[in-house]
Amino acid sequence: MLILTCPHCGVTAEETELALGGEAHLKRYGPGDSDEQFEAYMFARKNPKGVHFERWRHAYGCGKWFIAARCTVTLEVFGTYPAQTARPPADLLAAIRAKRPSADLSDWDAATPEDAQ
Amino acid sequence: MSARLSRGGRLIDRTKPLSFRFDGRTMTGFAGDTLAASLLANDQMLVGRSFKYHRPRGIVASGPEEPNALVGLGEGARFEPNQRATTTETFDGLTAISQNRWPTLDLDVGAVNDALARFLPAGFYYKMFIHPRPFWKHVYEPFIRQSAGLGRVPQGGDADRYEQAYAFCDLLVAGGGIAGLTAALAGARAGQRVILLEQAAHWGGRAPVDGAAIDGQPAADWVAGTVAALAAMPNVTMRLRTQVTGLYDHGYALAGERIADHTPGDGRPRQRLWRIRAGMTVVAAGAIERPLSFAGNDLPGVMLAGAVRDFVVNWAISPGDRTVIVTNNDDAYRTALALLDAGLVVPAVIDARASVTGALPQAVRARGVRVLEGRAVAKVKGGKRVAGVAICAQAGQGAVLEEIGCDAVAMSGGWSPAVHLWSHCGGKLVWDETRSMFRPDPARPPTGDAGQPIAVTAGAASGALTAADVLADAHAAAGGQGPAPSAAADDEAPMEPVWIMPQGAGPALKAKMWLDYQNDVKVSDVQLAAREGYESVEHTKRYTTLGMATDQGKLSNINGLAVLSDALHQPIPATGTTTFRPPYTPLTLGAIGGEARGEIFQPLRRTPIHDWHQAHGVEWEPVGLWRRPFCYRRPGESSHEAVNREVRNTRERLGLLDASTLGKLVVKGPDAGRFLDMLYTNLMSTLPVGKCRYGLMCSDNGFLIDDGVVARLTEDTWLCHTTTGGADRIHAHMEDWLQCEWWDWKVHVANLTEQFAQVAVVGPEARRLLEKLGGMDVSKAALPFMTWAEGRLAGIPARVFRISFSGELSYEVAIPASRGAEFWEACVAAGAEFGLMPYGTECLHVLRAEKGFIMIGDETDGTVIPQDLGLGWAISKKKADYLGKRAQERSHMADPARWRLVGLETLDGSVLPEGAYAVAEGTNANGQRLTQGRVTSTYFSPTLGRGIAMGLVRHGPDRMGEVLDFPTVGGKVVQARIVDQVFYDREGAKQDV
Amino acid sequence: MSEPQSALPGRRAAGFATVAEAGLQGMITLRGDLASPVLAAAVQQATGCAMPGPRRIVQAGDRAAAWMSPDELLLILPHADAPGAATALQAALAGEHALVAEVSDARAMFAVTGDKAVQALAKLFPVDFAAMEPDEIRRSRMAQVAAALWQAAPGDWRIVCFRSVAAYAFGLLDNAVRPGSELTA
């Protein structure tokens, strides 16, 4: 059973105190966007063997959403950070790259989302 | 025959004799006995029957690895099957029965299977019971069901109580032998928070039995001193009778504590499940001795050499006057010495090794015991107990050289580290060729949340098999500072792997060599599986059932995979092990359930008016975890009659509904209106203060997830009512979007569902009741339909909403929960003159269905969009966006052929069955009738005196007047006409008065 | 006119620790910017308590201010004072983006007291009590329901849960303190 540290209140909570919210950093598509964009947003989910970013809510605690970067194979948790961000913190990405040089973090290669476009 | 020795027994208290019963016979034992020891003391060598062949079975081990000695323990509400006699403490009054035999243990009819054994090899069931097909249901399945299962299922409730507890530590030590004690002490001295758990009722494990000397003291004295030292340290918690059963992700461990198994009925919980979070777990679980595979190795009286030693030293048990020892290693000679020390006879030690010259064998020789080198057991002689052994050359095919009479055989095939806990969470193993064992690979431990190792093994669990090695390994495992406790180095000669005995045994012998005693898997079965193509050890396991019994193959797995490797002509590591899965030993369902029984099985949510309902004939309906009144039955009334009465009374006079469970979410802030416009399909930002509006909420996937009335409280505050089941879910939904998508919007949400009791006052007399309670102007002019007002009613602070879910004149009154019962009772008292009756959820459903109002969960099922339900009027065309808008534009969502809501009226006035489907012409690819609609809500309407229903029908609203066929269970077809779903007061005149 | 009723008026159980329903307790949920001096002043005014740090509770007589999340406090005060205090807070925070809601009746409160009280709690909460600070409030799970707990004084625990599950919560605690089920002597 996993333990994760909530970055909002600092409690290291066990899995039963948390609620999983699926893949993190989805960009919402809505009216005016194409069927393909909407389909990808609504249904296409990553299922990596390795580093994954996922949403968790400290449901039985402070109630806040955060994001955990976790290895789906070893369950190693590289870090947690508040959900109020469009991309993982740079220092966390650097730490993951150092630990898992082969991890696919290409979504976050560019310094900012704007640069990526 | 086995018996109690007159002297010795380090764990028993001869001043405390005990009386117990086994299969109805009264026997005696001593305090400190295990049931296995007590049974042997009474010469009860036959303790059970094997699962498949009903072979006679005796005690083979002395600990949790025991496969044979399973008994039904206790009586009545404390009966429990499949309890291991070797880990059951004997207590005065204990009752046990043997299993898998009929009519008696001695005279068992099922034993005929043994005579047929050559016709019942591995895979027999798969091969036999497949043809002819029709036999399966009526012949084979009943037969298999009859013979399946081990032990008797307890009947009725469990008299005991159970609980769970959480614990946290830096160092969890699993096992209280000398390795565990050493590791615990090392960790504790370094200031770590240590939890030390031992499955047995005593500390020290095997070392005192083996006669080791530690730091110059006898092992037992060293153990006592170390236990005392640990007990005095405030950072150490120690528990006996507590088995660590599993190690899981991120250092989570489960342990089962047997608190009152040996003191039943003393008022304490019987068992406690510990849920432990440990920084590091030291697996000091010891090692398990392996049987040797020789013909007849399953007869009662054939025991593991280490177990024989335990029984002699710990419990003063003689396994018989004459015990032959069969071994491939030096350790078994310790058993010879223990037997000799107890004054018993060891006619010979049969050693498979060609040359035996170690210190221990020499010591045994010096006591005058024959040591037969390069020899093997050709066959054990005897029926229900050992009578002797026939001896042959290990290198040969089994030609008998000699026979020796004996009462018992002590066998040792070497030791396997108990690696289970290490392996549960991913720790890897290596094959140790010199000692023929899988042992933990320290370089590949299970890892935790930071990628760090979460387990280390200590002592025999690491593969260290001598006291000196055990102590050094355990000290290092816990990061001990300074010197480790020391023991004299044992001079043991190397063991020699022996997987079958003799090595050239033919089919007849191999068919009598047991690997898995409980499930009756023999060497011949594993070899057959290999011949039939089962190359994976996991497949062989399932085909033969090797290791699938309640002991999970603790004795059989290594021998079995060695035999498989040999049959496949590959080295043992190439075969590998099966997966080690928790629990190590069984946990009771009682412990897993913990305190969750009876009244506290699950939270049951009660409204502030719960007790009044209970006292007034309520019939409860579970709605999520809530209990809501379904109806209130009067004496002599059926539920159906009560509901009809409640409906008629509410339509004609006055009804009262406890609506406290409705969700009440306050949404406040400068961006609250904008937020609600995104959440609801219609506009909420334009709702004037003081007014109410019905709203729909969809997921971003377009589907309808909740509905309710929204009231605007102030310029920047809205109160959103949700469905009963939606309160927590919609609250979470709001927080999700606010925190994860629109985190820069200034909105706060608070869930005030339970702050208020809410009472719906419904019916033509509703206004008169509120006027009588007094305090607020509730006239149509002051409080028109779809508005709200705040004030006091009957002196109680109240917020009154003019909303209606019934089509009647209706007020929903919110009062503080602490005064909810008071307000309800005030209404009941004041309402008597208006004919007030309380009504329940079923009446509510009928009232809303008569009006054609949808219900989330009836008309919706996660695949329905508001447009399907004719709720287009509640979808804003002006908004650029709301959750679900884009999804509702997808081609399938906009398809005119979607099933849409209509009313359904049976031609004969009957009530349509719930969930019935309307069939269409033709069949699908599977030959099933095509469908064109289904019933979503169906009730008897007392108002109309007939059945009414709503349903979703393809092109439904365009097909008014058409008649559909609804086949019902049993073949009858009910016909119903498509009509408008508003069955009553279509103009809405009654609610707006 | 009758008195306002708590969820389980007067319910008590005695085992190796004592469990008592603590009666009606005034409570106010305050959501807003906890760094705001205006908010801090309003909290001080309502409770006499300074702004609590993360996961801390500041207690002053029969009042307290507890940190519930980065933007939420729970203010505790006598039940009869809660409506007035809520109105006053509302007024004091008129210019702030803040939400004030009285939640007194949405909750049930229990006192679990005695030297071994923590042993009963360790059966129900997945919480490392040895690592908890004396002035810490912990929101967690009590068996199957959400609950918050803190110490009013050493060994004098307070538990708050939703009112609807008060009977379940009491049942859990009653069961957990039964004599003979101590975790350690």
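Analyst: B:Asp13 sits across from B:Ala31, a residue of strand E3 of chain B. The model is predicted. Strands in a sheet are held together through backbone hydrogen bonds, in either a parallel or an antiparallel sense.

Chain B carries 26 helices and 51 strands. Its C-alpha trace spans about 115 × 70 × 55 Å along the principal axes. Chain B has 993 residues, and 56% of them count as buried. Take the contacts in chain B with a separation of 6 or more: 65% of them join residues 24 or more positions apart.

Domain 1 covers 3–126, domain 2 covers 162–287 + 417–477, and domain 3 covers 318–412. Domain 4 is 615–661 + 755–848, domain 5 is 663–753 and domain 6 is 894–993. Between the C-alpha centres of domain 5 and domain 6 of chain B there are 33 Å.

Seven of the eight residues in E46(B) are buried, so the strand is mostly covered by the cut-off of 20 or more other C-beta atoms within 10 Å. E46(B) pairs with E49(B) through six bridges, and the two run antiparallel. There, B:Val902 faces B:Gly951 of E49(B). E46(B) also pairs with strand E51 of chain B, residues 973–979, over four bridges, again in the antiparallel sense. B:Gly903 has B:Val979 in E51(B) as its bridge partner.

H25(B) is mostly covered, with eight of its 10 residues buried. Among the buried ones are B:Leu844, B:Leu847 and B:Ala849, as well as B:Glu842 and B:Glu850. Just past the helix, B:Gly852 adopts a positive phi of about 75°.

Next, the partner chains. Chain B gives 34 residues to its contact with chain C, and chain C gives 37. On the chain B side, the elements with two or more residues in the contact are strand E9 (162–174), strand E36 (663–668), strand E40 (748–751) and helix H24 (820–831). E9(B) supplies the largest share, five residues. By class, the chain B side has 14 nonpolar, nine polar and 11 charged residues.

Chain A touches chain C as well, with 11 residues of chain A in contact with 10 of chain C. The chain A side is made of three nonpolar, five polar and three charged residues.

Chain C itself has four helices and 11 strands. Its radius of gyration is 17 Å, close to the 16 Å from the globule rule for 185 residues, so chain C is as compact as a globular protein of that length. Its C-alpha atoms fill a box of roughly 55 × 45 × 30 Å along the principal axes. Of its 185 residues, 55% are buried. In chain C, 63% of the contacts with a separation of 6 or more link residues 24 or more positions apart.

C:Ala14 lies in strand E1 of chain C, residues 12–14. C:Ala14 counts as exposed because it has 12 other C-beta atoms within 10 Å, and the cut-off is 12 or fewer. C:Ala14 and C:Pro179 are 165 residues apart in sequence, yet their C-alpha atoms are 8.8 Å apart in space.

Key. Residues numbered from 1 in each chain as written. Chains lettered and ligands numbered in written order. Predicted model: local features only at pLDDT ≥ 70, side-chain atom pairs only at ≥ 80, totals over all residues. Contact = placed C-beta atoms within 7 Å. Nonpolar A, V, L, I, M, F, W, Y, C, P; charged D, E, K, R; others polar. Pairing = 2+ DSSP bridges. Domains from an automatic or database assignment. Rg over C-alpha atoms; globule rule 2.2 N^0.38 Å.
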